[in-house]
Amino acid sequence: MAERVANREGIKGMANPTRYGLERVAYWLQRISGLGLLAYLIGHIYETSTILNGKIAWNNMLSLTETPGGHLVLVLVIGMCVFHTGNGIRLMISEGGKGVGKPGQPEYPYRASSLNSKQRLCIWVSIALAALAMMYGAGVLFGD
Amino acid sequence: MRESIIMKIHYGTALGAVALVAVHILMRLSQKFSDSLQYQNVLANYHFLPYALMLEVILVLLSVHGFNGLRVILLELKQGATYERAINYGSIAAMAILIAYGSRTILMAGMGIS
Amino acid sequence: MAAITASREEKPEPTKQTPPPAPAVESAPKTITLRISRSNPSENSAAKFDEFQIPVQKWTTVLEAILHVKQNLDHSVAVRYSCRQASCGSCGMKINGRPRLACYTKVSELDSNVITVEPMSNFPIIRDLAVDFKQLFSTHKKMKPFIINEGSEVQPGAKEFIQTPNDLEKFLQFSYCIKCGLCNSACPTMATDKSFIGPQGLAQAYRYTADNRDEGKKGRLKIVDQSHGIWRCHFAGSCSNVCPKGVDPAMAIQLLRGYLLGFRK
């Protein structure tokens, strides 16, 4: 009820990547990939810890992860990792006030200079690099 | 701790992790991927001190970066003094647990205890 | 004048002295469906949509369509408006799912025969389309939106502040904020974080910090450098995407953050 009165969009609104352009899509992808990578990190640390239980335990773990499903997850992780890195570097630079344009007299139709073509290019490059890395990763993992 | 200091740590851990994870992945690709995961090869990685140290640093960097990122998301989802304190301390605890658990593997495998 | 009243047959040949009349503006009125969100939290009534058929011309704004409903169909629709020219920031609302100023949005530019208007998200609803700006004004005030300077020009013996056009350009854009709240409504952090300062407040913090007459930078940076302050902005850019005055709050926030990261002095 409290949220109803506050009229906040809530998680649904925050997680909705549509409506506000590519930058909002990048924001959404950055969050999703970050959460995905953290989940993978925890899983990976658990997975590698089985080496302490000897060769049989390690091989049992490999039989679970070295499967087409496991490889698919790894391909996704590669994509998330590359996008999160590329877009993260863009954000770090922008958040230092670089590459967001210079303040000036706004003129109709008031296109925001912080949402400039350089920013968009960086987002597209991050997506493209992630796609390329996923293809390369898939080649290595499924080509074995 | 001021939020700007926390975020500087967040950025720093990200940059450090990018460089070291790249090395970690390249090591996997130095031989056939499935071979690199063979028991003896993985154990050899842990026995090689510089590599084990690098894994330890990656573990710390990614745990700090990852759980701080999660903390940020959780702080934005809900507010309130008790909740926020729980999230802040919970994140530190989660970081510490993950680092301790990962370090145990690196240390014990490196020393050949299994 | 004669050329306008003359019939087609009598129409004189245009001469250099009397230019030809401008062709009459042709615009067939069309009818659209206006869906207005109706709710009254004080009566705990559930939100519902009322539909109205409205005749519109190509220049009709959404505000005019709503006022048509108030004048002719249902006078109980609650809406806040004032200047009708995107200067007062009163008529912000969600139009077809996106925060916009109703007076600044023409029905024709929406490319739809169904227009849905709802109260702005992330603001408490007073009734129907009118929302409460208490939090926005309160965070705006917290940013100390005034020049802080010991040698204020109102003191006796003080001289005027000299400012070059370049100095002015550093903050002028951000002083065009009309506090309409569209940026706060579009911000993804504001969607869940009720303690977040928001793009409006942060942009105003930068506006005064960047002013070379101001000496309150340290204090303002301390205010924004907290757990629900500037670091909860993730540069999704939605605020700048919807700003009707070209203020570009996202740019202001990143520039302000530059001070905290040490990239700017």
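Visitor: What makes residues of chain C and chain B count as being in contact?

Guide: Two residues are in contact if their C-beta atoms, placed from the backbone, lie within 7 Å. By that rule, the contact takes twelve residues from chain C and nine residues from chain B. The side of chain C that touches chain B divides into two nonpolar, six polar and four charged residues. Here Ala, Val, Leu, Ile, Met, Phe, Trp, Tyr, Cys and Pro count as nonpolar, Asp, Glu, Lys and Arg as charged, and the others, Gly among them, as polar. This is a predicted model: local features need pLDDT of at least 70, side-chain atom pairs count only at pLDDT 80 or more, and totals for chains, interfaces and linings use all residues. Residues are numbered from 1 along each chain as its sequence is written, with chains lettered from A and ligands numbered from 1 in the order in which they are written.

Visitor: Why are β2 and β4 of chain C called edge strands?

Guide: Strands (DSSP runs of E, at least two residues, numbered from the N terminus) pair if DSSP finds at least two bridges between them. The open sheet of chain C has the order β2-β1-β5-β3-β4, with mixed pairing. Strands β2 (45–56) and β4 of chain C each pair on one side only, so they are the edges.

Visitor: How do you know that β1 and β2 of chain C pair?

Guide: Strand β1 (residues 30–40) of chain C and β2(C) share ten bridges in the antiparallel sense; pairing asks for at least two, so they qualify. Within this pair, Leu34(C) stands opposite Phe52(C) in β2(C).

Note on methods. Helices (H or I, at least four residues) and strands (E, at least two) are DSSP runs, numbered from the N terminus.
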